[in-house]
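This report goes through the structure shown below. It takes up confidence, annotated segments, one chain's fold and one interface.

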Amino acid sequence: MTTAFPSAPAAGRASAGPWRTAARVLGRNRGAMASLAVLVLVGVACLLAPVYARDVAQTDPFTSNVAGTVMLDGRQLDIMQPNDNPLHLGLSPIGPTWRMAAYPLGADSQGRDVAARLLYGGRNSLLIAFSAAALCILLAAGVGIVAGYAGGVVDAVLSRMMDIMWAVPVYLFAISLSIVTVTQGLRIGPFTVASDNLLIPICIIALVYVPYAARPVRGRVMALRRSEFVTAARGLGVPGHRIVLRDILPNVTGTLVVLAPLMTALALMAESALSFLSIGVQAPAASWGTIIQDGEGLIYTRPMVAVAPGLAIIVVVLALNILGDGLRDALDVRDGDRGRG
Amino acid sequence: MDADAPPLLAVRDLTIALPVGGRMVTIVDSVSFTLGAREILGIVGESGSGKSMTALALMGLIDAPGARITGSARFKGRELVGLPQRAFRTLRGREIAMIFQDPMTAFTPVYTVGWQIDEQIRAHGRVTRKDARVRTIRLLGDMGVPDPARVADRYPHQLSGGLRQRAMIAMALSCNPSLLIADEPTTALDVTVQAQILDLLRRLRREYGSSVLLITHDMGVVAETCDRTMVLYSGTIAERGPTGAVFARPGHPYTAALLDSIPPLHGARPARLPSIPGSPPAPADRPAGCPFAPRCGYAHDACAVRPPLLPRGVQDIACVLPAEGRDLPARCVSA
Amino acid sequence: MAMAVLRRLGQTLFVLFGISVLVFLVFFATPGADPTARIAGRNASPQTIARVRVEYGFDRPLPVQYVRMMEKLFVTRDLTSYVNRGELVVPEVFQAAPVTVSLVTGAALIWVLASVAMGTLAAALRGTWVDRGLMMLGLVGISIPVFWLGQVANLLTQSRYHDSWLFSWVPGLGYVPFTQDPLGWFRALVIPWVTLAVLFVGIYSRVLRADLVAVRGEDFMRTARAKGLSPARVLLFHGLRTSMMTFVSLFGLDFAQLVGGGALLTEVVFGLQGVGRLTYQALGNLDLPLIMATVMYSAVFVVIANAVVDMLYLLLDPRVRDGRA
Amino acid sequence: MVARPSHTLLAAGLLLAAAAGCAGPAGAQDRGGATTDAGQTGDAQTSDGQTLGSPHRGGTLRLTASSSGGTLDPNLNYTSQYAQLFAVLYDGLVTFRKADGPASNDIVADLAEAVPQPVDGGRTWRFVLRRGLRFSDGREVTVADVAASIRRIFRVGSPTAGSFYGNIVGADACLRDPAHCTLQGGLEVDPATRAIVFHLHDPDAEFLPKLAFPHASILPADLPDHDLGNAPAPTTGPYRFVSYDPDQGAKLERNPYFRVWNADAQPDGYVDHIVYDFGLPDEAEVTAVENGQYDWMFDNKPLDRLGELGSHYTAQVHLRPLFGMYYVPMNVNIPPFDNRLARQAVNYAMDRRAMVILYGGAGVAAPLCTMVPDGIAGAIDGCSYTRGADPDHRAASWQAPDLDRARALVAQSGTRGQHVTLLVQNTAVDMSMGVYLRNMLQAIGYDASVKPLAHSVQLGYIQNTANRVQISITNWYADYPSASNFLDDLLGCENFHPGSDSSINIAGYCDRATQALMDRAKAATDPAQAADLWAQANRAIDRDSPAVPMIRMNYIDLVSRRLGHYFYTNLYHMTFSRVWVQ
């Protein structure tokens, strides 16, 4: 076990050293590098969604196309194909064609190109996941630092609040908030957020995971507060905000950086769950969760609609988790790895 | 001591190297010593001198990936270096037992002390649970534990430090080992308890016929307990010899400095003990010459070459001074 | 001891009160939530609406309504749904609880056994490909959305391979009470169990491995080895037994949350009418009495489960027993 | 779960099937495999309504539904799920004929000896109670029971107390003060002659179907004046309750006091026991019926299972048209749809074929052009809002949307570019329709957005004028087969209540001339005259286009392989007493 030497904050402040070391360690971690590459690849692909939709597939992924047709191998096919049964019961959207230009992953129940929706959905899913994680870490850092540094009553109140939030199942908590906001939008003073605004899922997901992220931050801050250099600084009469800014914050950054990919992974999972329950991203916008939801009704006939976005989620979350592990090893931050469902 | 009989333990050129940051670093460098039956050998040194590592090597407990152990350590004529773990396991606890520094953390916190001693007894022989417990209680009694039956049913945290260490010794002795390695057995205890535990260790030789390898940083403990003493500095032997001789005429400036830092057992403590300036080099930064030279008041040009361990009287000393005829002054030892 | 129990009870009651007031206020602040017209039925006349308003007390001040609702929920236990007229909500929750408990208990059994096996094996073979493989498997488990996994499981077992020997035994979705048909209960739940457990197997095996690796450096592990014990005994009796403490506290939290409704995604996908799904439906329908009943159940259960974990902790860790944690 | 089309589950009203054959719509015949059953077996057995001695008598009919239908109080329950069950348990003075097919639209005498002719221009109705009828607890049914049951409609606050029975003299007082309801002057009974006489304020041609509605079931007079909840009342029909648990299900057995008094109204049952289990989700219900674990399922069949049902279980699937529709009400009191041209534009642009596909295809839905589905007196043929047609030059049927014309009309109306919010339920089908409609509104020149609401909230929300809803998607099912259920209920002045969640005239449409036509039609006791008046009102509404009808739906029934003699009435769907399992 390495012990913290009083020289640690100096190293933390002259941040180039440990960060560069960490970057080198991370660079040697093949798994983490591969994950980073996967994430960049997925991100770029999703950013290119309009290019695919407009120039390759020539389809609008937000418009129902149930009455439309598609040319395939010189044949004109209905996108919604009537089932071949004596009662004329039910229709099935066209299945995967595996051609880039025409419904490579098939159509959903509204005749929309699943591949194009997958890319557009990825934009929303990733945007929400990254923003929610960033917001959550910001909030958690605030709460954790205040609780950990102030201690006493402030800490007790904040910690109890976190405990209460933590006692309610995370998804139920998020669902309750979502149902209310999806119904009426969000009104905070003069600001009104429409119910289909992505800010709503972002804020909700960020909020429900604050206790999760605040806990390690608070622990780290409490340890730092008791450490020699902070005690010394306080003894010298350095004002509190300067200690927080110059001594505590740089030393908490490692914890926050390690939390970032893990929180993003959790946020992505939460987003997909909310959207799956149709209280996340609102139609006609797409996210990977809403596409899985669309695919639920087609699971037995056109499983690709639900399977493809699920695989996308798994790949991204897996990459984020591996990257998080790599970061933790590189920055040598100890903390249990927790995700929850 | 019978000089012809093969020693219980003969260590020759034991070298331990560990990979640190991608290269091998020698932690223990060519350490040799012997231990006879019923003998108590003290290994003294500051933390990081390699004394604990030597002990762990003898127990086969170094399992850091990539560790390299060379040289020879013959225990009852059996080579320990390179011995497979399976074979080590039959030796551990039964032939060689070990006591650790902090009896609080050395016991598994969730089992009673008695359970843990029973476990060792039953690990090395077909003994029923009941018989094991009878022996455990007897051992605890032997170690001077009052009301041993009740203590056996206690959890480690429920016992005082002294009782815990007695229980630890009882556990170590439960299979009548020929060699007992005690790694800083008294460091975590307060002074009066220390004296009792050391007393207990001395009795062991008498009553159980065990040899003891006592590892400590405290010259005072050595003076009270050991037949012979070996001083380690930065993984190398600085000096070794019979305790009385070493204490009376330390041949190495480091030994002398250590002796200066012993608080007197009797009489008033000085306000401030003299201490050795500086700290021992990290194994990776060990200088090519005498490792103690940077801190040594007698350092001179000759120290740029590592001095060999040379006999002088009953002692062996790794210092150029005796060869140069500049012996350190003799001391008056009360032990 | 009695004081501690009392304090805990007080805290719990306070939390319950806070949550219930919050739920109550949020409900009445939501536009379109006024249940009068829904209760009265389609195209009801203004007189009927007025009658319902009086009958359900919607004309009374909110505090009075709150007290009445709490009284009906806890004292007379005859609170009725705003959506399904006349449906008592308390029995509804108690009907759903066994489903959730069955689901979560079975899954917990699976995830505890599997993660202990995986975590211990990985720790024992640290650094080998077995270790890396198991941990990667765990990471994959953590990365799969449970509702998606459930859908794929349904796809395979209910449709694609339902007619093959592999899954022909799988019954249709839904719950079979244990008392009615133990074998049917098992068959109906085994796939949901596994689906729910996958995530937790991943988390727990990784946590356990990390703990076991960390515990290897502890003094008592060295002592245990110095005693000449076999590596397996050292790992299991000393390492694992000590690591169980973290494991149990994690387990308590997760188990409580799942039984308190956190398993709703699994319940939704597998059509199990459990507490989570009931809560979700109640929220979706804005059925205040049912929301209140399920939320209270959930909170009470989380508190009870936490208390049980504390007891288990006492059982597991003698240090805690003596108040020296 | 939320994402299922569950238009029957909550406070929605009765699913009503169309009078197949009356108007002869294409989809009106049973296209299922059981088509021939009725012909083979019906006549011999149904002529006297007896089942004793039939080889098919006996056994247990197993039914399944995802959840219970709420209260067991027949005066209160307003779900199609329990109306179907109550059809074999409770009786009114009159009822709809239990016949397979179009004849089930007719009113026949049930507990009354005969269907009376009204006197006093349709204001006075005199019934005579049959002799020797008994409740399932053995007590005789008396005129006092009848009077108490009618009063109980008001005393317990039945949802239809005002809308159906508010026309009875004295009903106003009852609605104001239910606890002391006597219906003084409106309801007279005479134990000696067993006569029951109703006096109405205004002539009501539809008083009989209202009395045939389950809310007017005859129950013992000593029932409490509050919701019965889960405690069943004694029955008069061929079955009675053994047990009931809203979370588990219901168990029914034969009513030992039942005897056939009118085979058309209440025939005897074939099966000895009926077990009705609750709790399976719809997907699982389908699987269970396919595998023969249940004989029949209540809930809507999930869209993705329709193909499988149609191809592998053809003989077990029965398709019948319903008197139900999806339509788009537009608020005629706020912009942009206070402009008739704007409303007509939406009607022209509506792609009814796409809506059919979104609902599940031609097997389950058909385009709908006016607010009255085919098969009801007052329905009019043809289609005004389709390519190449207009209200004065109606096409024979719907062809295709006319987007060019719609765009022109929007431009002409001066509402182009206005913001329009479309309110939809967040169920899968409604959402997909909503998304489609949003695109359509964009295409014809509006700045449109979709706002989904929880399915339980949306209906109340769009009714309340305080929410200023411009346009929405909703559906509607008739309580009994009459044009009034569509035109007057949905677009009549008396059903517009500003500021209330209960204002089913969602469009807020109130046209004096049209209302006068509808009032005359409701009072017209001559069916032909009534039909003509309804048709005139229908045309006027068609021209004004306050709501856009989209599709009408078919009922899909799935039964087990062993269930024989499939028997379907338009009102209450499959009749549990008429099918056999042996």
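pLDDT is the predictor's confidence in each residue, on a scale from 0 to 100. The model is predicted, and that score is the place to begin.

**Confidence in chain A**

The mean pLDDT of chain A is 82, and 90% of its residues reach at least 70. Among the elements of chain A, helix H3 (residues 30-47) of chain A has the highest mean pLDDT, 93, while helix H1 (residues 8-13) of chain A has the lowest, 40. Two stretches of chain A keep a pLDDT under 50: residues 1-15 and residues 335-341. The table lists the contacts that the model has for each of them beyond four places in sequence.

| Stretch of chain A | pLDDT | Contacts beyond four places in sequence |
|---|---|---|
| Residues 1-15 | under 50 | 13 contacts |
| Residues 335-341 | under 50 | 14 contacts |

**Annotated segments of chain A**

The unreviewed UniProt entry places the feature "transmembrane region" at residues 32-53, 126-152, 164-186, 198-217, 248-268 and 304-324 of chain A. What does the model show over two of these spans? Residues 32-53 of chain A are 95% helix and 0% strand, with the end C-alpha atoms 31 Å apart. For residues 126-152 of chain A, the figures are 96% helix and 0% strand, and the end C-alpha atoms lie 39 Å apart.

**Fold of chain C**

How many helices and strands does chain C have? The secondary structure of chain C comes to 14 helices and zero strands. Read along the sequence, the pattern of chain C is α-α-α-α-α-α-α-α-α-α-α-α-α-α. Along the principal axes, the C-alpha atoms of chain C fill a box of roughly 85 × 60 × 35 Å. Chain C has 325 residues, of which 50% count as buried. Among the contacts in chain C with a separation of 6 or more, 68% join residues 24 or more positions apart.

**Where chain B meets chain C**

Contacts between these two chains involve 24 residues of chain B and 21 residues of chain C. On the side of chain B that touches chain C, helix H2 (85-91), helix H3 (103-106) and helix H4 (113-123) of chain B each supply at least two residues. H4(B) gives the largest share of that side, three residues. Which classes of residue make up the side of chain B that touches chain C? By class, that side has eleven nonpolar, eight polar and five charged residues.

Key: Residues are numbered from 1 along each chain as its sequence is written. Chains are lettered from A and ligands numbered from 1 in the order in which they are written. This is a predicted model: local features need pLDDT of at least 70, side-chain atom pairs count only at pLDDT 80 or more; totals for chains, interfaces and linings use all residues. UniProt positions are given in the numbering used here, feature names are shortened, and annotations may be inferred rather than shown by experiment. Helices (H or I, at least four residues) and strands (E, at least two) are DSSP runs, numbered from the N terminus. A residue is buried if 20 or more other C-beta atoms lie within 10 Å of its own, exposed if 12 or fewer, and partly exposed in between; C-beta atoms are placed from the backbone. Two residues are in contact if their C-beta atoms, placed from the backbone, lie within 7 Å. Ala, Val, Leu, Ile, Met, Phe, Trp, Tyr, Cys and Pro count as nonpolar, Asp, Glu, Lys and Arg as charged, and the others, Gly among them, as polar.
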